[in-house]
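Biologist: Could you put the model up, so that we can go through the helix packing and then the cavities?

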Amino acid sequence: MAADLQSKYTKLAQEYSKLRAQNQVLKKAVVDEQGSSASLKEQLKQREQSLRKVEQEMDSLSFRNQQLAKRVELLQEELAAGEQKAGDSPSQQGLQHQTVFDEDLQKKIEENERLHIQFFEADEQHRRQEAQLKERLEVLERDAGQHQAVVDGLTHKYMETIERLQNDRAKLEVKSQTLEREAKDCRLRTDECQQQLKRFQAELSQQLEESVSIIQEKVPFNDTKHSQFNTLNVPPHNRRHQLKARDVAGQALGLVQDLVPALLNLHTYSEQRAHIYPRDSALEPVSPLNQRFSQHLHENAAYVRPLEDGLLRLFESITEHTVTTLETTVKLKDFSDHFTSYTRFLQKILPYQLKSLDEECESPLCTSALTAKNRELQADMRRMTAAFEKLQTYISLLALPSTRPEALPRSSCSAVFTQLAACLHGLQDSVKDVSKHYSQKATLEQELPTVTQKLRTTNECILSSLGSLTNSTGKIATFFSNNLDFFTAPAGYRPRGGRAGIDPLQAEAMLQNKSRAAAYILALRKPQPETVPYSQALSNRRVLTSSTESREGLTQQVQQSQEKIARLEQEKEHWLLEAQLGRIRLEKESQRIAELEGQLSAALTGQPPPTAAQDAPAPPGQDGEEPPELGLKETTSAASLIGLLSTTPTSEEAGDEQSREQLIKTHYMARVADLTAQLQVADSKAVHFHAECRALAKRLALAEKSRETLTEELKAAAQNISRLQDELTTTKRSYEDQLSMMSDHLCSMNETLSRQREEIDTLKMGSKGNAKKNKSR
């Protein structure tokens, strides 16, 4: 811990010294830039002064030019006046004066032209130099501004970096103090642990001596020294390895179950194509070659179906209570035999397949493009069959340890698994090539004029079976590559103290020993019943006897109470029926009284009495029909009130019996309906509970899947975090490189500014020399 803090301090000190040196360089660059800007301002002032001097010289020259022009005019006027005054003076004197005057005038004019030319050249040169200097000044001012902005940004950045480093230094100091305190605590703990270690070593050495003496005196032999006896010992149980083996076997079974239908469909549709193309069996006989080829293809199920059955038996042999290694998976030999038979089947049909493609090429309708595709398909078929043969070789090698453990050393198993994974990828590539070339061939065949709908449908079916075969082989190759670490890992079961593997017979004996040992441990772990004192046992017996007698009495009371409750329930039902009958009788009596009152009123008024069919409703149980006895008596003595009263008892008796039966029937039907409803409710609850259990099982499976996905996401997040940390380290290094490059750039800029300063000095010297030349002229 102290070494880490020291290294951090050294790193921070180095960074601080580096930043301080860079800051000094930047300050120096700022000072140089300020000096260069001041010198440029002074140069600008000097240029302005020289410009004013040149303007003054130009003004003086223009003034002198004007004076000369006025003098010339005056001379011309004097000459004209002298000529007028002289009049007829001698021509020689006039000519001499004229010649002198002309020469003088010519000199003045030449001098004036030369002065004008020099002035113009000086003015143009001055303007050019002024423009160049202004441009350079603008460029230098812009560069100086940019440099100043960069310097300000870097200064601000470095100040922030210095503040951050100071804060980090303070934090690290606090952390170092805490770590020092923790280091002191750790040293104290280390001393305590060393003391405990010495004490434990002394105790362990004493126990070792006791154990060695016990082993020498009590143990007759050490079975771990002999491999035959050691394999019968129960090895360390790696249940996670066993569960992983069962899971991997289940996934492999599912993938093979997807592969088998694809192979069946491919062979079946290939047989169908042999009957259709190049000769349709419905129109003309098929060639003997294709007949033989179709016969072999018709037997494909006998070779393909056992692959799934063999792997299913292998999966069923792997349980949680077995030992799964290459030596104990006996069912792998059966799967290897089935795969060998299928590989021989592919070798048997390969020549017929190649000859069938040659026959298609010899057809008059076969184009050159189709011939090329058939040749490519022949090469792909050879590659696919070779891949199956190679795969069968490695599977046979893996099945050897279950029959002959010495045939395949355990050190070579990882290499076999690795080659098997590469062979599966090669099989996937060959199947992809077959699918691609067959798709191109089917496209070319659809362009033929004689193609039939049966051929198109068969080609589509073959392409779909090839697509599913490609997907299945790809999934198998990916699955095997993902689980290659598990396959090549050391076995989860190995005897203690030995390096040899487990023989199948010895594994079975070991499992029996394991079950016996587990049963023995369970028997040892059963708690023994606690002993009870004799006096307490006697008191408990008396309490038990009294409680038994009281229990028998209570049982009798409960039985009597139950019988009484049943009897009361029956009486309750009886009285309920009686109450219903009484209610019905009351209704009938009220109806009868109403009829008698109506007959009485009719007899008093002299009108015929109403019949029973008109007024009295039919009694229950008669379906609305009139009783025959009542109708007869009403016809014989309709107006006799006594005769009507004498006929009522018979009808009441019949109606009561029928109504009682109807009520009993109604009651029991209601009870049946209630029981049916209760049964339906119970059935619905059972169905609901069953559906809920299934839903919970599905939710559990989904939760397991989500847990696996979350585990994978956690792994991906950890990888992403490590990647981001690497990127952060790379970015930090790049920033440090950029800072060093910026410091180098500032140094180069300082050199550039110094060169520009020298050029400005040279230009100043040149401008002073030009000014001196102009003055001399």
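**Helix contacts and cavities**

Modeller: In α4, the residues R246, A249, G250, A252, L253, V256, Q257, V260, L263, L264 and H267 meet A301, V304, R305, L307, E308, L311, L312 and F315 of α6, where contact means heavy atoms within 4.5 Å and helices are DSSP runs of H or I with at least four residues, numbered from the N terminus. By class, this contact of α4 with α6 has 13 nonpolar, three polar and three charged residues; Ala, Val, Leu, Ile, Met, Phe, Trp, Tyr, Cys and Pro count as nonpolar, Asp, Glu, Lys and Arg as charged, and the others, Gly among them, as polar. This is a predicted model, in which local features need pLDDT of at least 70 and side-chain atom pairs count only at pLDDT 80 or more, while totals for chains, interfaces and linings use all residues. Residues are numbered from 1 along each chain as its sequence is written, and side-chain values use heavy atoms, with hydrogens and water left out.

Biologist: At what angle do the axes of α4 and α6 cross?

Modeller: The axes of α4 and α6 (residues 301–317) cross at roughly 170° and come within 9 Å, with axes being lines fitted to C-alpha atoms over the stretch in contact and angles running from 0 to 180 degrees between N-to-C directions. That angle makes α4 roughly antiparallel to α6, a label used for angles over 145 degrees.

Biologist: And how far apart are the axes of α4 and α5?

Modeller: They are 9 Å apart, and the two helices pack at an angle of about 160°, which means that α4 is roughly antiparallel to α5 as well. Here H267, S270, E271, A274 and H275 in α4 meet N290, F293, S294, L297 and H298 in α5, and the residues of this contact divide into three nonpolar, six polar and one charged.

Biologist: What about α4 and α10, at what angle do they pack?

Modeller: α4 and α10 pack at about 155°, with their axes 8 Å apart, so α4 is roughly antiparallel to α10. The residues of that contact divide into 16 nonpolar, 10 polar and four charged.

Biologist: Changing topic, how many cavities of 30 Å³ or more are there?

Modeller: There are six of that size, a cavity being a set of points on a 1 Å grid over the protein atoms alone where a 1.4 Å probe fits but cannot get out.

Biologist: Which residues lie nearest the centre of the largest one?

Modeller: S270, F293, Q353, M381 and Y438 do, out of 28 lining residues, meaning those with an atom within 4 Å of a point. The largest share of that lining, seven residues, comes from α7.

Conventions: On a 1 Å grid over the protein atoms alone, a cavity is a set of points where a 1.4 Å probe fits but cannot get out, and a pocket is an open set with protein on both sides within 12 Å along at least five of seven lines; lining residues have an atom within 4 Å of a point. Grid points are joined across faces, edges and corners, and a volume is the space filled by probe spheres set on the points. Angles under 35 degrees count as roughly parallel, over 145 as roughly antiparallel, 65 to 115 as roughly perpendicular and the rest as oblique.
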